[in-house]
Amino acid sequence: VSYSHGLASLAGVLRADARTDGQQVLYTIRHDEMSHAATEILCNDPSMILVTAMSTQWERATRLAMCLKREAPNIPLCIGGSHVSANPQSVLTSSFDVGVVGEAENLINQLTLPPRSIGDIVARYGRVATPVAPDSLDDLPEPAIDLFPIEDILAYPSVTFSRGCPYACTYCMSRNGGQAGKIRWKSVRRAIDEIVQLIEYADPDELFIDDDTLLKNPTWVREFCAQYGQRVNRPFFCNARPETIKDDLVHVLKKAGCKAIGIGIESGSERIRRDVLRRPMSDDVII
């Protein structure tokens, strides 16, 4: 169990909007009893229920939706996350009223503001809504990480600074630049501010930078490392592809406090990487 960057960002957007009434309540399902989870969720008397799920969680999410609809059929029930973004049609055979495809920061306020009847929401957005993704990540409010228990954050204290990817791996949700069609970065100043926010709230001993391929922008990484060493000075880990690993960049990362780099190989077969996964990296480059 950790915390969701997506939910924290959406909660931050809601919190920053003065029109948003009521309290945001986060509920993390930690067991397999969906009927019990539904009862606990409904004890908060929600006006709307927003769920996020990956594909490995979809079966649980649909069972939860069935339980919620059985107990409270008039409460709007929305689903977002990577599974719906990859397979929007799955919403149509579920108990969810609306599915949101892609990044929802530009939709979340309109979705949750009154009137919030199911009919109004479906009439406005249909069963599947595809919002315009935010163009500037710096313009987003601070993520509401304080909604998450500190122990969950400390289980995997992570941050993320970019959306989209220049590569086109066939299996990845970030291919072709992500939902906005291009790669977007938070500024280095904003990235460091979010790290400081996380440290002030949870005080982790080390940090995980969760961007799929941090080194896709060497200029940004060098500037980040220079400021990180001055303002944070805490061990961190990151991810990269083999062909982005350069000697000079590795020295910059190490000097800033990077302890390890997770490198995606995906297959030991050069043919599978090239023809199936669209990762045309040679064995020599990987080695």
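**A guided chat about helices and sheets**

Visitor: Is the crossing of H8 and H9 left-handed or right-handed?

Guide: H8 and H9 cross in a right-handed manner. Please note that the model is predicted.

Visitor: At what angle do H8 and H9 pack?

Guide: Helix H8, residues 188-202, packs against H9 at about 40 degrees, and the two axes are 10 Å apart. The two helices are therefore oblique to each other.

Visitor: Let us turn to sheets. What is the strand order of the sheet with S5 in it?

Guide: The order is S5-S8-S9-S10 in an open sheet of four strands, and the pairing is parallel. Strand S5 (158-159) and S10 stand at the edges with a single partner strand each, so one side of each is left without a neighbour in the sheet.

Visitor: Where does H10 touch this sheet?

Guide: H10 packs on the sheet and touches strand S9 (236-240) and S10. The direction of H10 makes about 135 degrees with that of S10.

Visitor: How many bridges join S5 to S8?

Guide: Two bridges join S5 to strand S8, residues 207-209, and these strands run parallel. Ser158 stands opposite Phe208 in S8. Two bridges also join S8 to S9, again with a parallel run, and Leu207 is found opposite Phe236 in S9.

Visitor: Is Lys259 buried or exposed?

Guide: Lys259 is exposed, because its relative accessible area is 60% and the cut-off for exposed is over 50%. Lys259 belongs to strand S10, which covers residues 258-263. Leaving aside residues up to four places away in sequence, Lys259 touches Pro235, Phe236 and Phe237.

Visitor: How far apart are Lys259 and Met173?

Guide: They are 86 residues apart in sequence and 27 Å apart in space, taken from C-alpha to C-alpha.

Visitor: Now for the sheet with S1. What is the order of its strands?

Guide: This open sheet has four strands in the order S1-S2-S3-S4, with parallel pairing. Strand S1 (49-52) and strand S4 (128-129) are the edge strands, each pairing on one side only. Helix H3, residues 58-71, packs on the sheet and touches S1 and S2, and its direction makes about 170 degrees with that of S2.

Visitor: How many bridges join S2 to S3?

Guide: Two bridges join strand S2 (residues 77-80) to strand S3 (residues 98-100), and the two run parallel. Cys78 stands opposite Val98 in S3.

Visitor: Some loops, please. Where is Ser90 found?

Guide: Ser90 is in the loop between helix H4 (82-86) and S3. Ser90 is buried, with a relative accessible area of 8%. Apart from residues up to four places away in sequence, Ser90 touches Trp58 and His83.

Visitor: What is the phi of Glu266 near?

Guide: Phi of Glu266 is near 75 degrees, a positive value in a residue other than glycine. Glu266 sits in the loop between S10 and helix H11 (270-275), and Glu266 is partly exposed, with a relative accessible area of 49%.

Visitor: And what about the phi of Arg278?

Guide: Arg278 has a positive phi of about 55 degrees, although it is not a glycine. Arg278 is found in the loop between H11 and helix H12 (283-286).

Technical notes: Residues numbered from 1 in each chain as written. Predicted model: local features only at pLDDT ≥ 70, side-chain atom pairs only at ≥ 80, totals over all residues. Heavy atoms only, no water. Axes fitted to C-alpha atoms, helices over the stretch in contact; angles between N-to-C directions. Parallel < 35°, antiparallel > 145°, perpendicular 65-115°, else oblique. Left-handed = near helix turned anticlockwise from the far one by under 90°. Pairing = 2+ DSSP bridges. Contact = heavy atoms within 4.5 Å. Buried < 20%, exposed > 50% of the residue type's maximum accessible area, 1.4 Å probe, protein only.
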